[in-house]
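Please read them with the structure open.

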Amino acid sequence: MSLFPNVPKIQYEGRGSRNPFAFKHYNAQEVVLGKTMEQHLRFAVAYWHTFNANGTDPFGAGTAVRSWDSLSPLDKSKVRVEANFELLEKLNVPFYAFHDADIAPEGATLAETNKNIDVIVAKLKEFQQSTGKKLLWNTANLFTNPRYVHGASTSSNAEVFAYSAATIKKMLEVGKELGAENYVFWGGREGYESLLNTDMGLELDNLARMLRMAVDYAKEIGFGAQFLIEPKPKEPTKHQYDFDAATTLAFLHKYGLKDHFKLNIEANHATLAGHTFEHELRVARLNGVLGSIDANQGDYLLGWDTDEFPTDLYSTTLAMFEILKNEGGIGKGGVNFDAKVRRASFEDEDLFLAHIAGMDSFAHGLKAAAKLIEDNVLDGIVEERYASYREGIGAEIVAGKHTLKSLEAYALGQQQPIRNRSARLEQIRQTLNEVITGV
């Protein structure tokens with residue numbers, strides 16, 4: 001029996017369609033730069049926002065109306081599995097992602113929790129086999145339960161560290177069982193409120209210890225998923241240790257972990273860190289650690305992680321530009337919709353309409369980014385701007401042929417005043433607008 005009887009299978013109908021339950025830009029088998037849209041984008045549904053979120057916010061109770069609301073915790077979890085795969089089928093989305101707490105209720109003990117997880121994992125595996133859908137990534141929720149009030153891997157309580165390790169172990173086993181292509185580490189409370197009572201050195205050392213244990217155990221059980229760390233600057237702690245891509249890279253370098261991890265970059269986390277989404281993607285790409293993305297957007301008028309569905313074509317275009325320029329594209333990662341419908345969008349149909357909007361926005365961004373690359377638009381602008389480094393003194397600087405003394409001698413010998421060229425940023429943005437609206 002269908003859990004979403006009013007929603008048809010979503011088809012591609014093109015830009016002229018006025019059908020809200022149709023794709024205007026996402027045509028899964030359309031080839032762009034040698035690969036299909038489906039291969040470029042590797043869309044995934046975020047289990048927690050899509051099936052668990054109920055519209056609650058700090059100022060109001062839940063608004064979402066779901067057919068499974070009245071069921072017992074375990075029965076509710078079973079029905080959500082069915083809902084997940086029906087939504088994946090109707091949207092033609094190949095992947096999904098979850099935390100342990102999303103798929104099964106927590107028990108009174110760790111053993112009881114693991115038993116609940118095993119029940120749901122068996123059901124997930126059955127549906128994966130019958131539908132061909134896959135798990136993009138899974139992870140452990142090490143932030144919701146009160147035991148994590150001081151963190152998990154970075155907790156001041158060693159008992160919590162041990163419990164966290166056991167939870168990660170279980171989820172690595174679940175990832176292997178379900179064939180997860182990635183495993184994400186998000187430091188939900190791995191940070192601090194104040195340095196006045198914090199041993200930062202010990203906490204960072206312990207975080208590295210936990211990550212090494214995970215690397216070792218994955219190798220021990222033959223779990224070959226790509227390991228991802230997801231940077232976030234704040235929320236829920238005042239300062240989190242994985243603040244942004246650059247901070248996370250510094251941590252990985254210090255502890256000798258860079259070869260074992262890539263980054264899962266989220267748009268809303270980037271803006272919370274004071275960066276653009278494309279900045280974080282560029283930093284990850286240039287350092288060879290762009291592994292996957294969480295697709296959403298924030299509200300610039302609000303100071304928290306609103307996790308809205310992505311509809312900003314400027315952002316999706318520049319994000320896909322970075323992904324297309326990345327070696328191997330998104331690789332084993334994907335475009336995971338870590339996004340939730342707005343509190344006022346509380347009907348079942350809104351879950352589909354929101355994903356359609358996000359999928360179309362990234363498909364539109366993909367086509368625009370491909371146009372930028374094919375026509376050498378941005379690359380040509382950058383090449384021209386830095387042309388002085390390809391000949392004369394610039395080429396010599398790049399080749400390492402100079403010292404401060406030799407450059408002083410060169411500068412002293414120049415009789416003409418230095419003349420810079422205009423960056424013409426307004427014209428570039430207008431060009432970008434023309435490309436985005438033209439595809």
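1. Terms and basis. Buried stands for a relative accessible area under 20%, exposed for over 50%, and partly exposed for what lies in between, with a 1.4 Å probe and protein chains only. By that scale Lys 125, at 28% relative accessibility, is partly exposed. The model is predicted: local features need pLDDT of at least 70 and side-chain atom pairs count only at pLDDT 80 or more, while totals for chains, interfaces and linings use all residues. Residues are numbered from 1 along each chain as its sequence is written, and side-chain values use heavy atoms, with hydrogens and water left out.

2. Aromatic pairs. Rings of Phe, Tyr and Trp (its six-membered ring) are paired if their centres lie within 6.5 Å; planes under 30 degrees apart are stacked, over 60 edge-to-face, and the rest tilted. The count by this rule is 21 aromatic pairs. Phe 23 and Tyr 26 make an edge-to-face pair, because their ring centres are 5.4 Å apart and their planes stand at 85°. Both Phe 23 and Tyr 26 are buried.

3. A pair across the sequence. Phe 43 and Phe 337 are stacked, with 5.2 Å centre to centre and 25° between the planes. Helices (H or I, at least four residues) and strands (E, at least two) are DSSP runs numbered from the N terminus. Phe 43 belongs to strand S5 (residues 43-46) and Phe 337 to strand S14 (residues 335-337), so the pair links distant parts of the chain, 294 residues apart. Phe 43 is buried, at a relative accessible area of 1%, and Phe 337 is buried at 0%.

4. Tyr 26 is in the loop between strand S2 (22-23) and strand S3 (31-32), and its relative accessible area is 2%. Contact here means heavy atoms within 4.5 Å. With neighbours within four places in sequence left aside, Tyr 26 is in contact with Tyr 12, Met 37, Glu 38, Leu 41, Phe 43, Met 359, Asp 360 and Ala 363. Its C-alpha atom is 10.0 Å from that of Arg 15, eleven residues apart along the chain.

5. Other ring arrangements. Tyr 47, Phe 51, Phe 85, Tyr 96, Phe 98 and Phe 127 are joined by ring pairs into a cluster. A charge counts as over a ring if NZ of Lys or CZ of Arg is within 6 Å of the ring centre and within 35 degrees of the ring normal. The charged end of Arg 147 sits in this way over the ring of Tyr 163, 4.0 Å from its centre.

6. Faces of H5. Its buried residues are Thr 113, Asn 114, Asn 116, Ile 117, Ile 120, Val 121, Leu 124, Phe 127 and Gln 128. The face turned away from the buried side carries the exposed residues Ala 111, Lys 115, Glu 126, Gln 129 and Ser 130. Just after H5, Gly 132 has a positive phi of about 80°.

7. Salt bridges. A salt bridge needs a side-chain nitrogen of Lys or Arg within 4 Å of a carboxyl oxygen of Asp or Glu, and 17 are counted by this rule. One of them joins Arg 42 and Glu 181 at 2.6 Å, N to O. Arg 42 lies in the loop between helix H1 (37-41) and S5, and Glu 181 in the loop between H6 and strand S8 (182-185), so the pair ties together parts 139 residues apart in sequence. Arg 42 and Glu 181 are both buried.

8. Further bridges. Glu 177 and Lys 125 meet in a salt bridge at 2.8 Å, N to O. Glu 177 is in helix H6 and Lys 125 in helix H5, so this pair ties together parts 52 residues apart in sequence. Glu 177 is partly exposed, with a relative accessible area of 42%. Lys 232, Glu 235 and Asp 305 are linked in a network of salt bridges.
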